[in-house]
Amino acid sequence: MSVEQVSRRGILKTSLLGSLLAGLSTISVSAHAQEKDKENKKDMYDVIVLGAGPAGLVTAIAAKQAGAKKVVVFEKKDRPDGNAIFALGSVCGWGSRHQKEQGIKDSAEDFYAMMMDVSKQMGDPALNRTYTDNIPKDIDWLEQDIGVKFGKIRPMPYPRLGRTCRVQGEGITGGAQLVKKLLAAAQKNGVELKFEHKGIELLHDDKMNVTGVKIQTPSGQKEYYSKGGVAIATGGFSANPEMVDKYIGGWATRMVLRGSKSTTGENISLTMPLYTKFVNMDQFHSGPIVKETHVNPADVLNSGYGIQVTTGGDRYMDENNTYVIKARTTAQKTLDNKAWVIVDSNCPVLGNVIDKYNRLNSPYGKADTIEALAKQVGLPEKKIVKAVQEYNDAVKNNTLDKLTPANTYKKPHLIEKAPFYAIPLNGGMTATFGGPLINTKAEVQNLDGKSIPGLYAVGNSAGGIFFHNYAGGAQLGAATVFGRIAGKEMAQRAATSK
Ligand SMILES: Cc1cc2nc3c(=O)[nH]c(=O)nc-3n(C[C@H](O)[C@H](O)[C@H](O)COP(=O)(O)OP(=O)(O)OC[C@H]3O[C@@H](n4cnc5c(N)ncnc54)[C@H](O)[C@@H]3O)c2cc1C
């Protein structure tokens, strides 16, 4: 019955009016409440995940598999756009089917010891133990549940042990292929995927329980709520210069991004208001890269051949360092974050490296004398000739340790066989290791040493596992291990919430 109909019946002036209008208003209030309730239900999830990288997608799938009914992944870009797209796709673990089939003997203890060694014993022991305990079955899960195809076990990118299962890229990077498979599995499992939905603020109640998230959608801002909590899977902060400056140092802001421009530090900015404990904020992984062409010259840097000079023509570091340290030191010790490897034709990996540079049309120098080489690439000729001469003399006289800076090559090689090559490089940042400290349930910790109810962090967003360096393949491994743990925990939380 409409108000108009009521009026027409001429009862407007009667005493019934008040009660009728009151009745109508009850109807409209309750209809409004129902509408609101419906709306709220629509926006109420069991599990909310921010970020559609491997960590976020694994979390969402695991939550569904553990019984959560409504699971959503909000992704700020129109597609997954994190570091995973650039990743080789190595996943490191022990006890996998592949290791067994290839007769590689391994153990949990050896694997755990390696993880801790790589972090210089600074990685969180409980988190590294959790990784070690879960990775064998999680590699199986990637294969069996997600349909990931792994190639033969290869030596890890670092340290070079037989523990790497590499996702077969099939024409794209292994990391992108992993994301593709996870996206398909998420859809198959009924996970809602909302692209161009950026997490901009965590919502919490008056007891600091995380209850939801405010999202910037293409049509404005909207609040979404979750019974099981919110998982931060937004990656690290390498693409946020202000944070890199604050937590690592100004010199690091000049490093070239080896990964995604979307890793802008929402793991920090979103969680900071909840008095979150951040750890390892100055720690990151680096690698060499050529800024203009994104060629990776790591092989020549790891070869044990040649010397490394600045654009001013000076040797600036011990060449017997890993590519990680070489990339970092280049950014730290040169203003232009640029250096050159001067190497001769005896270097065994040169063929591959030069092929790569040619394929990507990336400039390098090649000449029959050191002087001509320096001239060709614009390096100070006299200084380069002198640096090579000093190095060669030190190799012959066994006095490399007296050079400034000292060189500690175990089996040094002369720079003597033409043609000589000058390979350029810049220091690049792969990923930051710092972030909200998690416990073994992937729950974010606050500054009082307690879990923040309803807040989880996974993948590159989470802090505690990595320090100094990472065992090649352990980042995607950690995204899988802790994503599965978080998904299960959140599903349970949703099931028991009132
Ligand atoms: C060149 C390179 C090679 C690598 N190779 C390997 C390798 O072989 N093996 C290995 O283990 N690791 C490797 N890594 C590291 C690996 O890529 C990362 O550890 C992995 O991608 C982390 O996954 P993630 O899901 O945590 O984050 P990401 O893959 O970075 O994904 C984060 C996602 O969150 C989204 N996002 C960000 N902010 C928001 C927000 N506010 N709201 C919603 N969405 C948001 C981003 O757009 C992105 O899609 C490599 C990295 C690089 C750069």
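**View 1. Helix 15 and the shell around the ligand.** Helix 15 (474-496) gives the most to the shell around the ligand, with three residues. Helices (H or I, at least four residues) and strands (E, at least two) are DSSP runs, numbered from the N terminus. This is a predicted model, in which local features need pLDDT of at least 70 and side-chain atom pairs count only at pLDDT 80 or more, while totals for chains, interfaces and linings use all residues. Residues are numbered from 1 along each chain as its sequence is written, and side-chain values use heavy atoms, with hydrogens and water left out. Helix 3 (54-65) and strand 7 (198-204) also each supply at least two residues of the shell. In total, 36 residues surround the ligand. The closest are E75, N83, S90, N460 and L476. By class, the shell has 12 nonpolar, 18 polar and six charged residues. Ala, Val, Leu, Ile, Met, Phe, Trp, Tyr, Cys and Pro count as nonpolar; Asp, Glu, Lys and Arg count as charged; the others, Gly among them, are polar.

View 2. A backbone N or O atom of A55 lies 3.0 Å from an oxygen atom of the ligand. For G89, a backbone N or O atom is 3.1 Å from a ligand oxygen atom. A polar backbone atom of K76 is 3.1 Å from a nitrogen atom of the ligand. Each pair is a polar contact, here a pair of N or O atoms within 3.5 Å. The protein covers 96% of the 1,000 Å² of accessible area that the ligand has on its own. Accessible areas come from the Shrake-Rupley method with a 1.4 Å probe.

**View 3. The buried face of helix 13.** Helix 13 spans residues 370-377, and its buried residues are I370, L373, A374 and V377. Buried means under 20% relative accessible area (1.4 Å probe, protein chains only). Seen down the axis of helix 13, these residues fall within an arc of 95 degrees, so they line one face of the helix. The arc is that of the directions from the helix axis to the C-beta atoms. An α-helix has 3.6 residues a turn, so residues three or four places apart point the same way. The buried residues pack against strand 15 (338-343), strand 16 (365-367), helix 14 (381-397) and strand 17 (420-432). Contact means heavy atoms within 4.5 Å. G378 follows helix 13, and its phi is positive, near 80 degrees.

**View 4. Helix 11 and its cover.** Eight of the 11 residues of helix 11 (residues 323-333) are buried, so helix 11 is largely enclosed by the rest of the structure. The buried residues are Y323, V324, K326, A327, R328, T329, T330 and A331. Their cover includes strand 13 (284-289), helix 10 (298-301), strand 14 (307-310), strand 15 and strand 17.

**View 5. Two cis peptide bonds.** P405 sits in the loop between helix 14 and strand 17. Another cis bond joins A418 and P419, with omega about -5 degrees. P419 is also found in the loop between helix 14 and strand 17.

**View 6. Positive phi at E170 and H294.** E170 is not a glycine, yet its phi is positive, about 50 degrees. E170 lies in the loop between strand 5 (164-166) and helix 7 (174-188). H294 has a positive phi near 60 degrees, again in a residue other than glycine. H294 is in the loop between strand 13 and helix 10. At 40% relative accessibility, H294 counts as partly exposed, the class between buried and exposed (over 50%).

Key:
A residue is near a molecule or strand if one of its heavy atoms lies within 4 Å of it. A polar contact is a pair of N or O atoms within 3.5 Å; within protein, one must be able to donate a hydrogen and the other to accept it, and residues adjacent in sequence count only if both atoms are side-chain atoms.
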